[in-house]
Amino acid sequence: MANILLVEDDTTFSLILDNFLQKKGHKVHVTHTLKASLKSLEQNKYDLLLLDYRLPDGNGLEVMAAARNNNPNIPSIIMTSFHDVRTAVRAIRLGAHDFITKPVNPDELEMILNDALNRKQLAPEIKQNEPSTFIEGESTESKKLHNYIELVGPTDMSIIIQGESGTGKEYVANSIHKSSKRAQRPFVAIDCGSISKDLASSELFGHVKGAFTGALSDKKGQFEVADGGTLFLDEVGNLSYEVQVQLLRAIQERVIQPLGSNKQIKIDVRIVAATNDDLLNSVAKGEFREDLYHRLNEFKIHVPALRSRNGDFKVFLYHFITLANAELDRNVKNLSPEVTHVFEQYDWPGNLRELKNVIRRMVLLTRGEEAGIESLPDEMIDSLHQAPKPTGTDLKALNEANERELIQETLRKVKYNKTQAAKLLNIDRTTLYNKMEKYQIE
């Protein structure tokens, strides 16, 4: 049984979720606003957060960020009726465990909840033993990536892995570790984007009892946990300037000093860092130390996006289907022509992570051997019918694109009730119909 904070501004929907979760044996506390959620986090401890993305006074990501100030490992699941997977990518980039769109499928929600709660047990100390399932692929880009891993793995060089969110940067880091002389020692992964600035030093370097308010006992930092092995710093660009200074010192001098202690601890750790963005841009803006960048960048590896690995798509697709079949006790063997068409046309902004999640959902919802279009998330199908957003400085075109998107989102939210949609948009029904005709919204 888990203690869950459910944040949802739709009172009817929150009641449905509350009843569902309680029937599954969980204890649920429900709030409807950002303010109430923050107050609840101050008064209670939770095992998991189930968060509506859009709240009357903020959004679910703000609740997630506040919770992680005190509990960096708490899993969060974001819910939204806004059918745009790019929101999902942003949420996951900021530390969400997963993302689910409304209307919520009960089986899918239960699968994601169980996965999140199981992974919660994998604190950084235990996660070091998590197996890597990195797939080489067959494209030219994949072969180049694999060659780099084989080349640099046996060395002790510090590495920066650069690539979009969801491309599998941690799997690449783990593969490098497994091909190194440190393979029998720990591989410890830290998501620098999910730990607060106040707790980052403690998480990396540890602290002694009484070092700060809430430090009730000594804590071993992840540098010390990873001693002899590899420390993977995901989204390293999110570390504060002060922590960057401490990190540079640890790399240069191979010693760390826990917070509140005057004792230095020798460490032997290989650093592999990862970033979504080019850290050189952060260096140019003064947001990332140039000397630390050069210390980390002894070798750089670029992980290509899924859309640029055309020759690999079927390899990844059937690999994830095989895994999902085994996990969910299904026997999916084929895709319908409609599913194949969607997969071929979709641009996969969430990359391999998104593909894996879509496949798990698809397999879960498929009872026979062939997966049909009804097993795919609505946002995937909708995205194929959306006109691309204009770019540049054409203000009128940009405003019209945003207006079209807002109308579509509002219509989905109210299940295409035109009267309710017009009320929410603060326009009359005639204006709404005219705009729907103008923007060819069915």
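Reader: What makes the meeting of the side chains of Asp115 and Arg360 a salt bridge?

Author: In this predicted model, the N to O distance between the two side chains is 3.8 Å. The cut-off is a Lys or Arg side-chain nitrogen within 4 Å of an Asp or Glu carboxyl oxygen, so the pair counts as a salt bridge. Asp115 lies in helix H5 and Arg360 in helix H16, 245 residues apart.

Reader: Why does Asp115 count as buried?

Author: Its relative accessibility is 19%, and buried means under 20%. Asp115 therefore counts as buried. Arg360, with a relative accessible area of 8%, is buried too.

Reader: Which residues are joined with Asp156 and Arg182 into one network?

Author: Arg254 and Asp268, through salt bridges that share partners.

Reader: Why is helix H19 called roughly perpendicular to helix H20?

Author: The axes of H19 and H20 cross at roughly 100° and come within 9 Å. Angles of 65 to 115 degrees count as roughly perpendicular, so H19 is roughly perpendicular to H20.

Reader: What makes the contact between H19 and H20?

Author: Lys418, Thr419, Ala421, Ala422 and Leu425 of H19 meet Arg429, Leu432, Tyr433 and Met436 of H20. Six of these residues are nonpolar, one is polar and two are charged.

Key. Residues are numbered from 1 along each chain as its sequence is written. This is a predicted model: local features need pLDDT of at least 70, side-chain atom pairs count only at pLDDT 80 or more; totals for chains, interfaces and linings use all residues. Side-chain values use heavy atoms; hydrogens and water are left out. Axes are lines fitted to C-alpha atoms, for helices over the stretch in contact, and angles run from 0 to 180 degrees between N-to-C directions. Helices (H or I, at least four residues) and strands (E, at least two) are DSSP runs, numbered from the N terminus. Angles under 35 degrees count as roughly parallel, over 145 as roughly antiparallel, 65 to 115 as roughly perpendicular and the rest as oblique. Contact means heavy atoms within 4.5 Å. Ala, Val, Leu, Ile, Met, Phe, Trp, Tyr, Cys and Pro count as nonpolar, Asp, Glu, Lys and Arg as charged, and the others, Gly among them, as polar. Buried means under 20% relative accessible area, exposed over 50%, partly exposed in between (1.4 Å probe, protein chains only).
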